[in-house]
Amino acid sequence: MSFPFSFYQESAQVIQNKLGAFQPEVAMVLGSGLGFMGDVVENPIVIPYGDIPHFKVSTAPGHKGQLVCGTLAGKKVAVMQGRMHHYEGYSYEEVSYAVRVLKLVGCTKLVLTNAAGCVNRDWEVGDIMLITDHIKFFMESPLRGDNLDEFGPRFPDVSHIYTPRFQDAARQSAQKLGLTLREGVYCYFPGPQFETPAEVRAARVLGGDACGMSTAPEAIAAAHAGMEVLGFSMLTNMCAGILDQPLSGEEVNETAEARKGPFSELVLKCLEKM
Ligand code: HPA
């Protein structure tokens, strides 16, 4: 099914009513490890997803399920503490629904972060990757169904989903902080099972540097709606088949937790330049 444009307007209206005169410009969808950044937003206005019509709840561990609006690094932000994933049973349209709503609320910029598996054998667990592009061959697009011309064209150009000037800001920010910043291609898999070693080899051959179960759908919806996007992956584990050890959600959360300090510093530094 396709949601009508009026659904997005209804959701946006409820948010706007709660925000009053406050007008966020940067939307942030924070994945595993960075959810706490919503807790350090200054002068926060917190809106549980359940209070927003047509919003879905997030069920993934560590995803609180609320929108926190306020100021972060001097920028007016709308932070999604928790995202929706396709593996939770949501359609891609539902997964990226909130991004479109936040565009209507006035956000023209989007920061996406995630935890991902590392495909690139030259990198290490705990490295941070700037997403320069993605591969999302599998399953349908969040734009499938009736095109909502109010957001963008039927056939959007996705040559530069991850905005070049934001990538430059990320490189400069990492350098200032003395942080090693990897750059690469995020390969989207729907999950919830981790990839097989053969899928990881295929991702590598195709040019992928990381594998993950989020971000690409939201980035596509954002690009369609003309938003500028900055994306980062925290590489929480080597992908299946690289090390002789089983993968687990616990390992992902542990690494994300251990590396949240430098990761959040980088995101904050970037925000200043966005
Ligand atoms: N694969 C997919 N998604 C992930 C992984 C992985 O290895 N690690 C964290 N998220």
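Which residues are buried in helix 3? Select the helix and colour it. Tyr97, Ala98, Val99, Arg100, Val101, Leu102 and Val105 are the buried ones, where buried means under 20% relative accessible area, exposed means over 50%, and partly exposed is in between (1.4 Å probe, protein chains only). Helix 3 is mostly covered, with 7 of its 9 residues buried. Helices (H or I, at least four residues) and strands (E, at least two) are DSSP runs numbered from the N terminus. Just after helix 3, select glycine 106, which takes a positive phi of about 125°.

Before going on, note that this is a predicted model, in which local features need pLDDT of at least 70 and side-chain atom pairs count only at pLDDT 80 or more, while totals for chains, interfaces and linings use all residues. Residues are numbered from 1 along each chain as its sequence is written, and side-chain values use heavy atoms, with hydrogens and water left out.

**Stop 1: the cores**

Select Ile15, Leu67, Met80, Val101 and Leu110. These residues touch the most other members of the largest nonpolar core, which has 63 residues. The largest share of this core, 6 residues, comes from helix 3 (residues 97-105). A nonpolar core is a set of buried Ala, Val, Leu, Ile, Met, Phe, Trp, Tyr and Cys residues joined through side-chain atoms within 4.5 Å. In soluble globular proteins, nonpolar side chains tend to be buried together.

Now pick valine 101. Not counting residues up to four places away in sequence, valine 101 touches Tyr8, Ser11, Ala12, Ile15 and Phe55, a contact being heavy atoms within 4.5 Å. A second, separate core has 27 residues, among them Met28, Phe166, Val267 and Met274.

**Stop 2: aromatic rings**

How many aromatic pairs does a search of the whole structure find? The search finds 10. Rings of Phe, Tyr and Trp (its six-membered ring) pair if their centres lie within 6.5 Å; planes under 30 degrees apart count as stacked, over 60 as edge-to-face and the rest as tilted.

Select phenylalanine 3 and tyrosine 8. They form an edge-to-face pair, 6.5 Å centre to centre with 75° between the planes. Phenylalanine 3 is buried, because its relative accessible area is 8%. Tyrosine 8 has 0% relative accessibility, so it also counts as buried.

Next, select tyrosine 92 and tyrosine 188. Their pair is edge-to-face too, with 6.0 Å between the centres and 70° between the planes. This pair links distant parts of the chain: tyrosine 92 is in helix 2 (residues 92-95) and tyrosine 188 is in strand 7 (residues 181-188), 96 residues apart. Why is tyrosine 92 called buried? Its relative accessible area is 1%.

The charged end of lysine 136 sits over the ring of tyrosine 92, 4.2 Å from its centre. A charge sits over a ring if NZ of Lys or CZ of Arg is within 6 Å of the ring centre and within 35 degrees of the ring normal. Lysine 260 lies over the face of phenylalanine 36, at 4.9 Å from the ring centre.

To see one aromatic cluster, select Phe3, Phe5, Phe7, Tyr8, Tyr49, Phe55, Tyr97 and Phe151.

**Stop 3: the ligand**

Which residues come nearest to the ligand? Of the 13 residues around it, these are Ala115, Gly117, Glu195, Cys211 and Asn237; a residue counts as near if one of its heavy atoms lies within 4 Å.

- Alanine 115: a backbone N or O atom lies 3.3 Å from a nitrogen atom of the ligand.
- Glutamate 195: an N or O atom in the side chain is 2.7 Å from a nitrogen atom of the ligand.
- Asparagine 237: an N or O atom in the side chain is 2.6 Å from a nitrogen atom of the ligand.

**Stop 4**

Select valine 14, in helix 1 (residues 5-19). Valine 14 counts as partly exposed because its relative accessibility is 24%. Its C-alpha atom is separated by 6.4 Å from that of isoleucine 52, 38 residues apart along the chain.

Move to glutamine 66, in strand 3 (residues 66-72). At 18% relative accessibility, glutamine 66 counts as buried.

End at threonine 255, in helix 7 (residues 249-258). Threonine 255 is buried, with a relative accessible area of 12%. Leaving out residues up to four places away in sequence, threonine 255 touches Val125, Gly126, Leu235 and Thr236.

How values were computed
Polar contact = N/O pair within 3.5 Å; in protein donor to acceptor, adjacent residues only side chain to side chain.
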